[in-house]
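Q: Can we go through the pockets, the cavities and a helix pair in this one?
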Amino acid sequence: MATSAFEPDDDADASGMRRGLTSYGDAGFSLFLRKAFIKGAGYTDAALDRPVVGIASTGSAYNPCHGNVPQLMEAIRRGVMLAGGLPMDFPTISIHESFSAPTSMYLRNLMSMDTEEMVRAQPMDAVVLIGGCDKTVPAQLMGAASAGIPSIQLITGSMLTGSHRGERVGACTDCRRYWAKYRAGDIDADEIADVNDQLVASVGTCSVMGTASTMACIAEALGMTMPGGASPPAVTADRIRIAEQTGAQAVQMARDGLTIDKVLTPAAFENAMRVLLAIGGSTNGIVHLTAIAGRMGLDVDLDALDRMGRETPVLLDLKPSGQHYMEDFHKAGGMATLLRELKPLLKLDAMTVTGRTLGEEIDRAGPGFVQEVVRPIADPIYPQGGIAVLRGNLAPGGAIIKQSAADAGLMEHEGRAVVFENVEDLALRIDRDDLDVTRDDILVLKNIGPMGAPGMPEAGYIPIPRKLARAGVKDIVRISDGRMSGTAFGTIVLHVTPESAIGGPLAHVRNGDRIRLSVARREITLRVPDGELARRAAESPVAEPTAERGYRKLFLQSVTQADRGVDFDFLRAPKTLGKVPR
């Protein structure tokens, strides 16, 4: 009697439906049972003998950034089947920035674990990762990096821009700009309601260079997307075609054994860092790149990244550092246009998911054309990279500032600290008319780091105190151990490490202390003697946050600081292989 259809392969050679058999003590029976159940869905043996491509679906009614997932899924399946594979979609956690409490960052590591374990648990020869909103793409890349199989990222794409009273608007830089006008009393309740209807003109991610767009560009720079995969808006035919190509390429990657470790190399991370700096990307990009690199056994050297930034100008004229939107970037040629301009600074031999090097893909994209969104390297938007790394007695482990979106007049500044102990204190006092604050002061917000909130929320974009906003103040120096949205702008120092909740120097800043910011010297200095800081620490010792049970307990026990990617310590690669950039 023929039994070959149910004879399992050796583990090392297992593919398709024979991969990762459920343990029943009889591998043949495991395969027999698996096939019996899947045939209940109408599959034939001919279909089940094809390479299996898993499709990680993040569609959710709570995630309008992923509102086009059904169309993308259809196109991916079409591409997989045209290439001779079998598409198998499965759901994972889906995280939307404004629908996640206490913050989307709190759930990123959980999503990465979900992605990794579902990829490991189910039979697939390659996986397509559908992500878009801020934390989904890094979570998927983190999980896939740990799972180790051939993996390819598909970005959901940006939203279209809207129009308010003849002015083009888009989420979410314009969200913040109009909300600031409303807080200052420049526009009334009726107008802010009208704006609210126009800021998000379609499904898709933010239309500016926020974290979602930053991670889309980084994913392509890493070589993890199809060429041109970063920029097509969500509702365009270009985005659907990219999805079909992604499905087909996943089958080829499975056949070639092009595993993710062959793509996520030190050279790939250096290219991603160049792009992060050149696009004026979100400060969140550093945290996410650090976490992804950590899964590959690589530490990010912040000082080397800062040196890279000094020689990498901002070339992309997109809000909040410039004037345009993501759909303009796409019409200007997308990442091919940017990479062509950056070519002398890139590691061109880095492998991509196509099986070709980044240099080969740039050459295949052709000579380019005249456009106004990506500046020539000789005429940049900003002469240095968008992000600078700061150090000093206030941030021994480092802090960062998005200098391309800051006020040039505040980049060298000393002022008096106006301190808020946490977000509750901020909400209680920031709009009070009796708040003791002037435009020359420095706002300090504590306890919004990885453990302090927990989850390092984007509260680092501290609002301008209402009394100053009404007086016409548009920017003020702000410092915290938290994050801010990539769509935000202002002279804002973030990711102060170590955070205040674990006893970092930020915990001991008091009202009236003098703080000196010097972006030119890359310094952030609390002008308080070491002895006085030690006295304050002894007088008011910090009690680190704890939790009794559940995910919050796991988070607080395991999360690392910003300079280690805010990942869980047990999810990093077991061995450190080196540092990037080299």
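Pockets, cavities and a helix pair

A: H6 supplies the largest share of the lining of the largest pocket, nine residues. Helices (H or I, at least four residues) and strands (E, at least two) are DSSP runs, numbered from the N terminus. This is a predicted model, where local features need pLDDT of at least 70 and side-chain atom pairs count only at pLDDT 80 or more, while totals for chains, interfaces and linings use all residues. Residues are numbered from 1 along each chain as its sequence is written, and side-chain values use heavy atoms, with hydrogens and water left out.

Q: What volume does the largest pocket have?
A: About 900 Å³. On a 1 Å grid over the protein atoms alone, a pocket is an open set of points with protein on both sides within 12 Å along at least five of seven lines, and a cavity is a set where a 1.4 Å probe fits but cannot get out; lining residues have an atom within 4 Å of a point. Points are joined across faces, edges and corners, and a volume is the space filled by probe spheres set on them.

Q: Which residues are closest to its centre?
A: Of the 35 lining residues, Arg176, Arg177, Ala180, Tyr461 and Phe489 are the closest to the centre of the largest pocket. The elements giving two or more residues to this lining are helix H6 (173–183) and helix H16 (423–429).

Q: How does that lining divide by class?
A: The largest pocket has 18 nonpolar, six polar and 11 charged residues in its lining. Here Ala, Val, Leu, Ile, Met, Phe, Trp, Tyr, Cys and Pro count as nonpolar, Asp, Glu, Lys and Arg as charged, and the others, Gly among them, as polar.

Q: And what lies nearest the centre of the second largest pocket?
A: His96, Glu97, Ser98, Cys172 and Cys206, out of 32 lining residues. H6 and helix H8 (211–221) are the elements that give two or more residues to the lining of the second largest pocket. That pocket holds about 610 Å³ of space, and its lining splits into 15 nonpolar, 13 polar and four charged residues.

Q: Switching to cavities, how many are there of 30 Å³ or more?
A: Two. The largest cavity holds about 80 Å³, and the second largest cavity has a volume of about 40 Å³.

Q: Which element gives the most to the lining of the largest cavity?
A: E9, with four residues. Helix H11 (284–295), strand E9 (395–402) and strand E13 (492–497) are the elements that give two or more residues there. By class, the lining of the largest cavity has six nonpolar, five polar and one charged.

Q: What about the second largest cavity, which residues line it?
A: Gly132, Ile155, Gly157, Ser158, Thr205, Ala212, Ser213, Ala216, Ala230 and Met326. H8 gives the most, with three residues. The lining of the second largest cavity has five nonpolar, five polar and no charged residues.

Q: Last topic: at what angle do H10 and H12 cross?
A: Roughly 55°, with the axes of helix H10 (residues 266–278) and helix H12 (residues 302–310) coming within 10 Å. Axes are lines fitted to C-alpha atoms, for helices over the stretch in contact, and angles run from 0 to 180 degrees between N-to-C directions.

Q: So what do we call that arrangement of H10 and H12?
A: H10 and H12 are therefore oblique to each other. Under 35 degrees counts as roughly parallel, over 145 as roughly antiparallel, 65 to 115 as roughly perpendicular, and the rest as oblique.
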